[in-house]
Amino acid sequence: MSDKNEPGAVRAPLRLHVPEPTGRPGCHTDFSYLKISAAGEVPRPAVDVAPVDTGDMAHKLIRVLDQDGEACGPWAPELSEAQLKRGLRTMMKTRIFDGRMLIAQRQKKLSFYMQSLGEEAIGSAHGMALDEGDMCFPTYRQQSLLVGRDDVPLSELMCQLLSNEKDPLKGRQLPVMYSIKRAGFFSISGNLTTQFVQAVGWGMASAIKGDTRIASGWVGDGATAESDFHNALVFAHVYRAPVILNVVNNQWAISTFQAIAGGEGTTFAARGVGAGIASLRVDGNDFLAVYAVTRWAAERARSNLGPTLIEWVTYRAGPHSTSDDPSKYRPSDDWTRFPLGDPIARLKQHLIRRGLWSEEQHTAQQEELEAEVLAAQKHAESFGSLADGHIPSIASMFEDVYEDMPQHLREQMAEAQAFGGRQ
Amino acid sequence: MADAADVQGVSANMTMIQALRSAMDVMLARDPDVVVFGQDVGYFGGVFRCTDGLQAKYGSQRVFDAPISEGGIVGVAVGMGAYGLRPVAEIQFADYFYPASDQIVSEAARLRYRSAGDFTAPLTIRMPCGGGIYGGQTHSQSPEALFTHVCGLRTVMPSNPYDAKGLLIAAIECNDPVIFLEPKRLYNGPFDGHHDRPATPWSGHPKAQVPEGYYTLPLDKAAVYRPGQQLTVLAYGTMVYVAEAAAKETGLDAEIIDLRALWPLDISTVVESVRKTGRCVIVHEATRTSGFGAELSALVQEHCFYHLEAPIERVAGWDTPYPHAQEWDYFPGPARVAAALRRVMES
């Protein structure tokens, strides 16, 4: 090595590092970058574990179901047959719902849609593991949290998607930006990561009031780069907020591989440990693991032991949205090669292995759910759609900006109505 | 609503700092859902003493220190509001609200609308604002126009201790998000722009006589600070006193309106005055181009065109960042305001 003061010292020019995915259209992704532990391998610490002692776990992968569908290790949850079947049903229903709405968008009945293909286990199991009254602060890809609810008819979601006269959000929001307080589902915003820190505030409020309810915040891998991700971790740690901080790492943020979000050579769970938060990295396509880890984090939060950050490792199997064509930036067969597989196929295999399910039952349930979704769609479409002009009133455009409508909005509403040709 | 409805208890002489503190004290006592937090707000009582003693009185579950993260402070406040609390968050200087812009504009302001009332954001965000204190670029700004442009927000700025308390209590009780701008130049006394004269304290000023108990002022009503016949001056914050000094020095019978609520605005008080006088001068500390004065000017022109005897004048901060050494060349002082008053009378 030459000394910096040595005359004529020569150094190699610096070079900017720009991460790239190994797989681009026409070639295969090398998934060895994913650190994958064997099912049952990662220990299950006590819920009062010190955050610093989860440092190792943030680089391992909690998995319960092995490749044969056997539940292994300390994280295997005790779920009843009914709960397991309910979980499978929610995942299947979510996928069928997504499929139908994708077709409806292609038929121009809706302006826009976002599937959650391949990520159904996360919301389905997480929602089942939370208690009534807990509040989720979701992104636009946690529809399985809602599909798993008995008290939210699919047609209600579809009316929002259609922006029709029964749209609970009165046509104000882009499709998929649901808000259903009674189901513990916070209003979705287009602005990424804003809800992550709001979830912490909700949890802080619950603690201030001596409540027992907890919050669950959601963010994708790409959106962890937003400043509100950092804000959320700091506030959750400082105030030991009763919150579960979920990072859904589906490897892609639209066309951007997770390495550009900061995932290269590290994990998103590791960021939690750095912030002093107990952090776990989990197989997001393993329904049993998602359920068990959510229960663990919820118990930790409910026992005043503080927040948990969970990185759910999964794969965004579908396009980012109906406005996206993934064949322009990643291999078309990527999902089939993703080592954690398909969450529905894996739970189905587990149930069949235990003699609780069969191919015949699966096919019958598939048909039953398709009919249920179709019936809901017909019901929702009977209230109109953006396409056929049966949309909420002009007046409703001016309501709810403030609690009471100020003078300037009353004047603007009258002006809009005079031009709108309808009330 | 009457200007001082339901006044309880005896009055005391208060500075604006004490009046603001009293408003938070009253609301913390009245409503168990009120929480107060921000940088240095808890144990220390705030860098301007506005929350002095509140943590000791109400405990750290109600009044607490926050990390230095404006986006985090407003973000958790939105979450608390969604839960059902009534957060009163402080941003140490208005100049530092920018990291919280996304939470204010995209979230707090739109939560009720986008959720069709499913969730609301009943929060108050206090921000010391304004110049005249040698605060330089990042301790002097007046960013009100960045809030008045956002649908769903209420933007309020008091000019005296009595209004400060009544408006802050109303802001805390309001179910809409309120940006509560506090002119720090007025914290300890009124200021008319004559920086070369000794500072005057609030003590003895009629608006420094503040009821100790609960009272509110409406969030959408201007006050006629000085009745007059010859011309109308629209002002708020420190500029109310600068306008008063300018009127005195010119001998003109100016009607000075202290807007108090910037948006939504009490348009009828403004229109009534300008239709009477036929002349209008708008004064604010904030930079001129696309400042709130532009909206005021447009509204006056739309509503009072046939009553106007002269072009509407705007006296504002220059379109530069707020300087340090040239403070008094930047700050719209009484000489510049007086010149504008004379100009509109000569037209």
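Arg63(A) and Asp283(A) are both buried. In this predicted model, their side chains form a salt bridge with an N to O distance of 3.0 Å. Arg63(A) belongs to the segment before α1 (81-106) of chain A, and Asp283(A) to strand β6 (residues 278-283) of chain A, so the contact ties together parts that are 220 residues apart in sequence.

A further salt bridge in chain A pairs the side chains of Glu359(A) and Lys348(A), again at 3.0 Å from N to O. Here helix α11 (residues 359-381) of chain A contributes Glu359(A) and helix α10 (residues 343-353) of chain A contributes Lys348(A), so the parts tied together are 11 residues apart in sequence. Glu359(A) counts as partly exposed because its relative accessibility is 43%. Lys348(A), by contrast, has a relative accessible area of 16% and is therefore buried, the cut-off for that class being under 20%.

In chain B, the side chains of Arg126(B) and Glu182(B) meet in a salt bridge with an N to O distance of 2.6 Å. This pair links distant parts of the chain, with Arg126(B) in strand β5 (residues 124-129) of chain B and Glu182(B) in strand β7 (residues 178-183) of chain B, 56 residues apart. Arg126(B) counts as buried because its relative accessibility is 1%. Glu182(B), at 0% relative accessibility, is likewise classed as buried. Returning to chain A, salt bridges with shared partners join Arg63(A), Asp283(A), Asp286(A) and Arg346(A) into one network. Over all chains, the count comes to 42 salt bridges.

Empty space was examined next. Rolling a probe the size of a water molecule over the atoms shows where such space is left. The largest pocket has a volume of about 1100 Å³. Its lining comprises 44 residues, and those nearest the pocket centre are Pro406(A), His408(A), Trp263(B), Pro264(B) and Leu265(B). At least two lining residues are supplied by each of α13 (407-420) of chain A and α6 (144-148), α7 (161-173), α9 (267-277) and α10 (292-304) of chain B. By class, the lining of the largest pocket divides into 21 nonpolar, 11 polar and 12 charged residues.

Two of the residues nearest the centre of this pocket, Trp263(B) and Pro264(B), are also joined by a cis peptide bond, with omega near -5°. Pro264(B) is located in the loop between β12 (261-263) and α9 of chain B.

The structure also holds 5 cavities of 30 Å³ or more. The volume of the largest cavity is about 50 Å³. Residues of chain B line this cavity, including Cys129(B), Ser142(B), Glu144(B), Met157(B), Tyr236(B), Thr238(B), His284(B) and Glu285(B). The lining of the largest cavity consists of 5 nonpolar, 5 polar and 2 charged residues.

In chain A, Arg240(A) has a phi of about 45°. Arg240(A) is placed in the loop between α6 (227-238) and β3 (243-249) of chain A. With a relative accessible area of 57%, Arg240(A) is therefore exposed, the class being defined as over 50%. In chain B, Ala116(B) has a phi near 50°. The loop between α5 (111-114) and β5 of chain B holds Ala116(B).

Ile260(A) is located in the loop between β5 (256-257) and α7 (268-274) of chain A. Because its relative accessibility is 46%, Ile260(A) counts as partly exposed. Val156(B), in strand β6 (residues 154-156) of chain B, is instead buried, with a relative accessible area of 1%. The C-alpha atoms of Val156(B) and Glu249(B) are separated by 29 Å, the two residues being 93 residues apart along the chain.

Definitions and conventions: Residues numbered from 1 in each chain as written. Chains lettered and ligands numbered in written order. Predicted model: local features only at pLDDT ≥ 70, side-chain atom pairs only at ≥ 80, totals over all residues. Heavy atoms only, no water. Helix = DSSP H or I, 4+ residues; strand = E, 2+ residues; numbered from the N terminus. Buried < 20%, exposed > 50% of the residue type's maximum accessible area, 1.4 Å probe, protein only. 1 Å grid on protein atoms, 1.4 Å probe; cavity = no way out; pocket = protein on both sides within 12 Å on 5 of 7 lines; lining within 4 Å. Points joined across faces, edges and corners; volume = space filled by probe spheres on them. Nonpolar A, V, L, I, M, F, W, Y, C, P; charged D, E, K, R; others polar. Salt bridge = Lys/Arg side-chain N within 4 Å of Asp/Glu carboxyl O.
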